[in-house]
Amino acid sequence: MQQDTLVGAPVTGEAQTPVYVHPESVRAVLKEVLEALKDDHAFDVVYDDLDVALGPVPPIPSEVVEFTSRLRRVLPQLVTIVRKRAGGQPTAAAGAVVERAEHVMHESVPGDPASARGHLRHLGLAVQDLLELVDPDGS
């Protein structure tokens with residue numbers, strides 16, 4: 001079992017039969033998940049990572065690798081939340097944010113330190129844009 005979610009819940013590889021769920025039910029569940037994330041301080045960690053990635057003092061090379069890895073794990077989860085909230089049809093603005101985030105997710109991490117820091121900043125900006133859609137209060 002892998003631990004690849006924002007809150008560390010196990011992910012199983014078993015396929016399940018799709019079930020129709022009313023959009024209002026999805027919104028309610030997402031609201032509960034968002035509240036649980038806030039309660040678990042998961043967003044605090046993400047915002048702390050953004051402070052490093054986007055802050056005025058560039059991180060040292062070993063930190064770049066660590067923070068790149070952490071933001072790369074969060075980014076697809078935020079994309080999923082934005083899509084689910086929009087019922088699969090995000091607004092044009094949200095769609096553009098998701099598209100940019102997906103582009104950054106699929107970029108390879110550059111080997112040289114300066115380019116790797118630039119890539120980390122791009123990841124940070126994508127995460128920040130998604131967080132503004134997911135957590136507009138910034139709390």
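The axes of helices α3 (residues 61–85) and α5 (residues 113–134) in this predicted model come within 9 Å and cross at roughly 30 degrees (axes are lines fitted to C-alpha atoms, for helices over the stretch in contact, with angles from 0 to 180 degrees between N-to-C directions; helices are DSSP runs of H or I, at least four residues, numbered from the N terminus). That makes α3 roughly parallel to α5, a label for angles under 35 degrees. The crossing is left-handed, i.e. the near helix is turned anticlockwise from the far one by less than a right angle. Sorted by class, this contact has 19 nonpolar, 3 polar and 3 charged residues (Ala, Val, Leu, Ile, Met, Phe, Trp, Tyr, Cys and Pro count as nonpolar, Asp, Glu, Lys and Arg as charged, the others as polar).

Setting aside neighbours within four places in sequence, L130 is in contact (heavy atoms within 4.5 Å) with L75, L78, V79, V82, V97, V98 and A101.

Then there's D49, found in α2 (residues 42–54). D49 counts as buried because its relative accessibility is 4%, buried meaning under 20% relative accessible area with a 1.4 Å probe, protein chains only. Beyond neighbours within four places in sequence, D49 is in contact with F67, R70 and L71.

Residues are numbered from 1 along each chain as its sequence is written, and side-chain values use heavy atoms, leaving out hydrogens and water. As the model is predicted, local features need pLDDT of at least 70 and side-chain atom pairs count only at pLDDT 80 or more, while totals for chains, interfaces and linings use all residues.

Conventions:
Helices (H or I, at least four residues) and strands (E, at least two) are DSSP runs, numbered from the N terminus. Angles under 35 degrees count as roughly parallel, over 145 as roughly antiparallel, 65 to 115 as roughly perpendicular and the rest as oblique. Buried means under 20% relative accessible area, exposed over 50%, partly exposed in between (1.4 Å probe, protein chains only).
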